[in-house]
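Hi everyone, thanks for making time this morning. Let's bring the model up on the screen and walk through it together.

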Amino acid sequence: MFIALVLAIFIRTFFVQAYKIPSGSMEPTLLIGDHILVNKIIFGLRMPDSIFGLEIPGLPLGQYVFHLEPVQRGDVVVFVFPPDRTKDFIKRVVGVAGDTVAVKNGVVWLNGSAMDDPHAHREVADNDRSPISPRDNFGPVTVPSGKLFMMGDNRDRSYDSRFWGFVDVNDVEGRATIIYLPWNEEKADGASTLSDLLLWFEYIRWDRIGMLVH
């Protein structure tokens, strides 16, 4: 039993981890309540930020021991949230080192041109955009070496790099791969009776089971 527990912790720490989507910032790619698996070894071997909550001197905690694939534009990744390192966020990589990113009237511009942005979802009408809100008009900024610029696919409901800045590459914990349990949390939370709770099969978005995250 002890060996199995250690193995499970090892796999969770370094190889694959389950996450639940708590907000609508990545809609429609990821919906509230979607349970996903994150590949934690795809970019290399990253040490956790602590060992059982302890920071051990001499260990490169929160750093990559070695790198494999580079983080690329378009990757949907889980990372340590820069303003509060006790939290994990999930967003899409919009800019990598050397890229110049801007937002003009809600449209993302990359390196001087409107970005090919098939995953973007917008809810605000063009005539309701604000000239001073970073949500609608931002930059341009150039992504420094070792940093990434992140945005949620739901451009109008995402708290992302437009508001709090860049993400360090070392803070990327892994890439989202697959939706294994697309739980309709909002519908389930509305269940008010025992008979409602027994209808659990109605709270699963069956058409999303096994969807790859792109």
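Which residue in β13 does V38 stand opposite? The answer is A176. Before going on, please keep in mind that this is a predicted model.

Strand β2, residues 34-39, runs antiparallel to strand β13, residues 172-182, and six bridges join the two. β13 also pairs with strand β5, residues 76-80, again in the antiparallel sense, this time over three bridges. There, V78 has G174 as its bridge partner in β13. Moving along, β5 pairs antiparallel with strand β6, residues 88-95, over five bridges, and F79 finds its bridge partner in F89 of β6.

Now zoom out. The sheet is open and has seven strands, ordered β1-β2-β13-β5-β6-β11-β12, with antiparallel pairing.

Let's finish with one residue I'd like you to find: D34, in strand β2. Is D34 buried or exposed? It counts as buried, because its relative accessibility is 0%. Looking beyond its neighbours within four places in sequence, D34 has contacts that include Y19, K20, I179, W183 and R208. As for polar partners, the D34 side chain makes a 3.3 Å polar contact with the side chain of R205, and a polar atom of the D34 side chain lies 2.8 Å from the backbone nitrogen of L31. Finally, look at N184: D34 is 150 residues away from N184 along the chain, yet their C-alpha atoms are separated by 7.4 Å.

Notes. Residues numbered from 1 in each chain as written. Predicted model: local features only at pLDDT ≥ 70, side-chain atom pairs only at ≥ 80, totals over all residues. Heavy atoms only, no water. Pairing = 2+ DSSP bridges. Helix = DSSP H or I, 4+ residues; strand = E, 2+ residues; numbered from the N terminus. Buried < 20%, exposed > 50% of the residue type's maximum accessible area, 1.4 Å probe, protein only. Contact = heavy atoms within 4.5 Å. Polar contact = N/O pair within 3.5 Å; in protein donor to acceptor, adjacent residues only side chain to side chain.
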